[in-house]
Amino acid sequence: MNWLLVVAGAAVGAPLRYLTDRAVHARVGFGFPWGTLTVNVGGCALLGLLAAVAPPDVRLLLGTGLCGALSTYSTFSFETLGLAQNGARGAALGNVALSLGAGLAAVYAGAAVGRALWG
């Protein structure tokens, strides 16, 4: 029955990713993949918090399910490739560096917040 927790979380995470991406792009435009960066960094922060303090069933629902569907490595890779192929190599490298740096910082911060609040 664990897979039902994953399915339930993913059923919320995937639409949340789409809606967040559209909302971010409506505000800042489509020149850089800010929407994907937003969902990926947010997913990292939540996953860090969950890994630090959540029980296994909650990690399945919100970590594997919600965060797994919310964050997206494939879209990040595709958008980075698109930037590079369209001549925006600096933006492509910036997307890689920003995504990796912000994602790692977010997962560490999420874990630290979780331990501080509920540790």
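Modeller: Happy to! One term before we start: a residue counts as buried when its relative accessible area is under 20%, as exposed when it is over 50%, and as partly exposed in between. Keep in mind, too, that this is a predicted model.

Colleague: Got it. Which residues are buried in H5, then?

Modeller: In H5, the buried ones are Ala92, Asn95, Ser99, Gly103, Ala106, Gly110, Ala111 and Gly114.

Colleague: Is there a reason for that kind of spacing in a helix, or why would residues a few places apart go together?

Modeller: An α-helix has 3.6 residues a turn, so residues three or four places apart point the same way.

Colleague: Nice. What covers the buried residues of H5?

Modeller: The cover includes H2 and H4.

Colleague: And what span should H5 have, and what does it have?

Modeller: With 30 residues at 1.5 Å a residue, H5 should span 44 Å, and its end C-alpha atoms are 43 Å apart, which agrees.

Colleague: Let's pick one residue from that list. How accessible is Asn95?

Modeller: Asn95 sits in helix H5. Its relative accessibility is 1%, so it counts as buried.

Colleague: Which residues does Asn95 touch?

Modeller: Leaving out residues up to four places away in sequence, Asn95 touches Phe32, Pro33, Phe76, Thr80 and Leu83. Take Phe76: it is 19 residues from Asn95 along the chain, and their C-alpha atoms are separated by 8.4 Å.

Colleague: What about Leu93, buried or exposed?

Modeller: Leu93 is also a residue of helix H5, but this one is exposed, with a relative accessible area of 63%. Between the C-alpha atoms of Leu93 and Leu81 there are 9.9 Å, and the two are 12 residues apart along the chain.

Colleague: Let me zoom out. How many helices and strands are there?

Modeller: The chain has 5 helices and 0 strands, so to speak a run of α-α-α-α-α when you read along the sequence.

Colleague: And how much of the chain is buried?

Modeller: Of its 119 residues, 29% count as buried. The accessible surface is about 6900 Å², and carbon and sulfur atoms hold 71% of that.

Colleague: What box do the C-alpha atoms fill?

Modeller: Roughly 45 × 30 × 25 Å, along the principal axes. As for how the chain meets itself, take the contacts between residues at least 6 apart in sequence: 67% of them join residues at least 24 apart.

Colleague: You mentioned H2 as cover. Where is it, and how many residues does it have?

Modeller: Helix H2 covers residues 34–53, which is 20 residues. From first C-alpha to last it reaches 29 Å, close to the 28 Å expected at 1.5 Å a residue.

Colleague: Which residues of H2 are buried?

Modeller: Those are Gly35, Thr36, Leu37, Val39, Asn40, Gly43, Gly48 and Leu50. Their cover includes helix H1 (2–28), helix H3 (56–70), helix H4 (73–85) and helix H5 (89–118).

Colleague: What about H4? Can you show me a residue there?

Modeller: Gly82 is in helix H4. Its relative accessible area is 22%, so it is partly exposed.

Colleague: New topic: how much space lies in the largest pocket?

Modeller: About 260 Å³. Its lining is Asn40, Cys44, Ser71, Thr72, Tyr73, Phe76, Val96, Ser99, Leu100, Gly103 and Leu104.

Colleague: Which helices supply that lining?

Modeller: H2, H4 and H5 each give at least two residues. The largest share, 5 residues, comes from H5.

Colleague: Last one: what about Ala11?

Modeller: Ala11 lies in helix H1 and counts as exposed, at 51% relative accessibility. Ala11 and Leu104 are 93 residues apart in sequence, and 25 Å apart in space from C-alpha to C-alpha.

Definitions and conventions. Residues numbered from 1 in each chain as written. Predicted model: local features only at pLDDT ≥ 70, side-chain atom pairs only at ≥ 80, totals over all residues. Heavy atoms only, no water. Helix = DSSP H or I, 4+ residues; strand = E, 2+ residues; numbered from the N terminus. Buried < 20%, exposed > 50% of the residue type's maximum accessible area, 1.4 Å probe, protein only. Contact = heavy atoms within 4.5 Å. Areas by Shrake-Rupley, 256 points an atom, 1.4 Å probe, with all protein chains shown as cover. Expected span 1.5 Å × (residues − 1). 1 Å grid on protein atoms, 1.4 Å probe; cavity = no way out; pocket = protein on both sides within 12 Å on 5 of 7 lines; lining within 4 Å. Points joined across faces, edges and corners; volume = space filled by probe spheres on them.
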